Amino acid sequence: MICNDEEVLWAWLASGGLTPLEIRSLMAMDPDPAHLITDCQQDRGAFMEVPLSSRIRETLKRNAAPRKMADTAMLMAQHGIHIVTIMDEKYPERLRPLPDAPAILFIQGNMDSLAGPTAAMVGSRNASYAGLTATRRISETLSRAGIRIISGLAYGIDAAAHEGCLKGESPTISVLGCGLDQDYPAENAGLRKRILDSGGLIISEYAPGEKPLGWHFPFRNRIISGLGDCLIVMEARTRSGSMTTVQHALNQGKDVFVYPGDPTSPRSEGNHQLIREGAIYFTTAEDVMEDMQWLDKTRNVGQNIPGNQEEDPSLSQGEKQLMDQLNRGEQSFDQLCIALGFSAAQLNATLSMLQIRGLVQALPGKIYQKISPADF
Amino acid sequence: MIENMAAIRTFGLSGVAGFPVQVEVFSTGGLPGLEVIGLPDASVRESRERVNAAILNSGRKMPPRRMTINLAPADTRKEGPSFDLPIAIGILAANGELLPRTGLNIDRIVFFGELGLDGRLQPVNGALSIVISASEQGLTEVILPADNAREVSCIQGMKIYPARSLTEVIDHLEGKAMISPQEQQDYADLQLQTPVLMDLSQVRGQQGARRALEVAAAGGHNMLMIGAPGSGKTMMARCLPGILPPLSFAESLETTRIHSIAGQLAPGSGLMIQRPFRAPHHSASVASLIGGGTNARPGEVSLAHNGVLFLDELPEFSRSALESLRQPLEDGVVTVSRIRNQARYQSSFMLIAGMNPCPCGYFGSRQRDCRCSPTEIRRYLDQVSGPLLDRIDLQIEVDSVPVTEISEAPAAESSASVAKRVRAARKIQQERYRGTSIHCNARLDNASIDEFCPMSTETKAILHMAVDKMHLSMRAYHRIIKVARTIADMSGNRNIGPADIAEAVQYRELDQKYWRK
């Protein structure tokens, strides 16, 4: 499908920095973008009725130049970007009632991914290891039950949420804070491709060519919370983007589920604050599904969540001791040395053997952790 | 001998090597003056004024004659003030102001030293190289500044006369007051006085890093430590010279020569008995690391010869500085070429590097949260190039949990007992590599690994599983075998066992966590 002229015209309208409300007023006056562009160039019609700043008018006029329009058309064709406006039937129903619903959405991928129950998952980019594994696990379980995960494609929790959803074989949806032609965040280019390949969707309200500016992201977060039937907070500091998403979700009347974190870590301070303020506390995907009354409606919930693994009889004495010690939680090399009375040489060798068997994992900071079976 | 003429022996320096120089003085009638020829540099040309004043202040007359001083060979550049003394003696001898005592053959004596205006003798750089070269030329008598005497006192078969002033030299030559020769020192006696810089018993906790340091010392492996600021990386590195085997006499000579030439020896100090520990700041330039300057001076890599080069904050060093280390790490020698000079300096050192895991330093720390973005961390780690990392066998992480949090930290072992084990492991290696160019396990190349590192099928299987499961590169494969060889040597095993491999795998932990793409 090659993008048509009308889509390019809508892309033009989205490129001027108009607020969603302004665009919707213009649309209400004249639903044909071809009229709007000539009105704009000649300062008449709808453009004179809606009060707009002169700077926006200038930008829109500049962007209406044939060369600019051709560039946009090319970017859209090249990246397979399409447009859905609030007037379209395809427009996501979940966003329609929002007072600041985006009037024009740029999309890549499959709009049908939004059909069915959805959950938005958010958290910080700089997340703890425990937070990341929990995110992956919960997202995967929800995905197996047919629930689609919405997130922001950022590094950390966002990426883990998308990954988990892909693994659970439901389509996943990313909402970006920049034009869809931008390679941002670059680290997640591979993930982005897999999302599209697996029938997922990538959405943005920003026109192709728009850079990922800092202020886009808090604003974008209203779409993330808006697209989800509920919001799941995995790991949030008190002053973070995730907390703005929570604010949007509350304004939109969504349920907010909060995963508990390490009570001493600033990484989960926001989580605990939310729990104190009355957010829904949860620890497993089943908790969420139960509260959302998804259990009976959805596909069979994955039965393959393994319990605690049987102890492997082939482990040596020292390996067993080490595993027992690690059952108490992650520990540093020095701590293990002292607790077990091993020499450094012996501990190194034992750790290697357990790492080779895939039972123990080394974390940055010379910290070792037992790998929980759910991580496989 | 031609009348009005004198020839005095001395030595010039080119790199660490000394070359013989003949100071020829020709005195003739005509307008009084003093001309120095034979490619002298500014400091040599200025010696005219120093010599003039020193002679007058020593109670001798400066003959009002025209004098030509030639530094032969005339086609080699001479630098430094060490020619002052031979020039002064030459002038006095050519004009009959100095009458050597009977039986004294002034031709067979080597002179060098800088003169003060008052006639005092000042120490010069490179005394050790000069004396060694003199000894190689079959010369046995040297008159030199007293402050340089200790530096050269270990050289066998030399008569060293330390002099404090020009007057003392003249009196000695004329037989009025003899200088007593410097007592020869035995290198073994000297070594007993080795001062302790930093002892491992002062390092608390850090069991893993301590063990890695011992392995590094035992096999001569380079090591990279990564860890949060204040986790003890620098302290660990400073302990290394104390656990390495003591400097042999030959090594000490090599290292002292380089330090002597660079002017890094304190006046009056003797041979270096402690392995050097060099820790250049991360703003260091290529020239300061490798050597350079107009006169091709030795750089930090050569000053660390037979010792330890510690580079803290590795990624903060300029890319070019880090890349320049590759060649000396490989060859153990650098050739510094400058317009005026070219010199080859030995530079066989152990590289110990320290770095933070990320720009803020707290990535992975349980004490403080890291504030760096993944891109920032990636960019920071990428400052250290693959080829350089390839030359670092041990790459370990330093424990981030402070000892204060560990209630029952055991008493730490002292450097002396660790050093004993290191010596034993080194001895095994010396015997194994006898007759080859290899002197320690770190120097094994891929071809010789097969020959010297026999492994059972079971051991090999563990290595292959580790490489596969722990996402190690094939580059890491050979490094692990080398380190396992050292670990086996430390426990006296002929063959590398499964436990040795399993331990060695842990010393590639950064591959798993930080450089894994």
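Leaving aside residues up to four places away in sequence, E140(A) touches G164(A), C165(A), K167(A) and G168(A). The model described here is predicted. E140(A) belongs to helix α7 of chain A, which covers residues 129-144. With a relative accessible area of 17%, E140(A) is buried, because the cut-off for a buried residue is under 20%.

**Further residues of chain A**

G228(A) sits in the loop between α10 (216-227) and β7 (230-235) of chain A. Its relative accessible area is 0%, and G228(A) is therefore counted as buried. Apart from neighbours within four places in sequence, the contacts of G228(A) are T118(A), A119(A), A120(A), I150(A) and K254(A). P117(A) is 111 residues away from G228(A) along the chain, and the C-alpha atoms of the two are separated by 8.0 Å.

R239(A) lies in the loop between β7 and α11 (241-251) of chain A. R239(A) is exposed, with a relative accessible area of 81%. Between the C-alpha atoms of R239(A) and R194(A) the separation is 31 Å, while 45 residues separate the two along the chain.

**Backbone geometry**

Most residues other than glycine have a negative phi, and most peptide bonds are trans. The table lists exceptions from both chains.

| Site | Feature | Value |
|---|---|---|
| Y184(A) to P185(A) | cis peptide bond | omega about -10° |
| A72(B) to P73(B) | cis peptide bond | omega near 0° |
| D43(A) | positive phi, not a glycine | phi about 50° |
| E313(B) | positive phi, residue other than glycine | phi near 55° |

In chain A, P185(A) is found in the loop between β5 (173-175) and α9 (189-197). In chain B, P73(B) is placed in the loop between β4 (66-72) and α3.

D43(A) occupies the loop between α3 (33-41) and α4 (46-49) of chain A. The relative accessibility of D43(A) is 35%, so D43(A) counts as partly exposed. E313(B) occurs in the loop between β14 (308-311) and α13 (319-324) of chain B, and its relative accessibility of 25% makes E313(B) partly exposed.

**Chain A as a whole**

The secondary structure of chain A consists of 16 helices and twelve strands. Its C-alpha trace spans about 85 × 40 × 35 Å along the principal axes. Chain A has 376 residues, of which 56% count as buried. Among the contacts in chain A with a separation of 6 or more, 68% are between residues 24 or more positions apart. The accessible surface of chain A is about 16500 Å², and 51% of this area belongs to carbon and sulfur atoms.

How high is the mean pLDDT of chain A? The mean is 88, and 93% of the residues of chain A reach 70 or more. Over residues 299-309 of chain A, however, pLDDT stays under 50. For this segment the model has 20 contacts beyond four places in sequence. Where pLDDT is low, the predicted coordinates should not be read in detail.

**Helix α2 of chain B**

Helix α2 of chain B covers residues 47-57, and its buried residues are S47(B), R50(B), V51(B), A53(B), A54(B) and I55(B). The cover over these residues includes α1 (42-45), α3 (84-94), β6 (114-115) and α6 (166-174) of chain B. After α2(B) comes G59(B), with a positive phi near 80°.

**Pocket and cavity**

The second largest pocket contains about 1000 Å³ of space. It is lined by 39 residues, and the closest to its centre are G220(B), S348(B), H439(B), C440(B) and R443(B). Elements that give two or more residues to this lining are α10 (249-261), α14 (326-331), α17 (415-432) and α20 (474-490) of chain B. Of these, α17(B) gives the most, with four residues. The lining of the second largest pocket comprises eleven nonpolar, 14 polar and 14 charged residues.

One cavity of 30 Å³ or more is counted. The largest cavity has a volume of about 50 Å³. Which residues line the largest cavity? They are G365(A), I226(B), G227(B), A228(B), P357(B), F363(B), G364(B), S365(B), E397(B), V398(B), S400(B) and Y514(B). By class, the lining of the largest cavity divides into six nonpolar residues, five polar and one charged.

Terms used. Residues are numbered from 1 along each chain as its sequence is written. Chains are lettered from A and ligands numbered from 1 in the order in which they are written. This is a predicted model: local features need pLDDT of at least 70, side-chain atom pairs count only at pLDDT 80 or more; totals for chains, interfaces and linings use all residues. Side-chain values use heavy atoms; hydrogens and water are left out. Buried means under 20% relative accessible area, exposed over 50%, partly exposed in between (1.4 Å probe, protein chains only). Contact means heavy atoms within 4.5 Å. On a 1 Å grid over the protein atoms alone, a cavity is a set of points where a 1.4 Å probe fits but cannot get out, and a pocket is an open set with protein on both sides within 12 Å along at least five of seven lines; lining residues have an atom within 4 Å of a point. Grid points are joined across faces, edges and corners, and a volume is the space filled by probe spheres set on the points. Ala, Val, Leu, Ile, Met, Phe, Trp, Tyr, Cys and Pro count as nonpolar, Asp, Glu, Lys and Arg as charged, and the others, Gly among them, as polar. pLDDT is the predictor's confidence in each residue, from 0 to 100. Accessible areas come from the Shrake-Rupley method with a 1.4 Å probe; for residues, only the protein chains shown count as cover.
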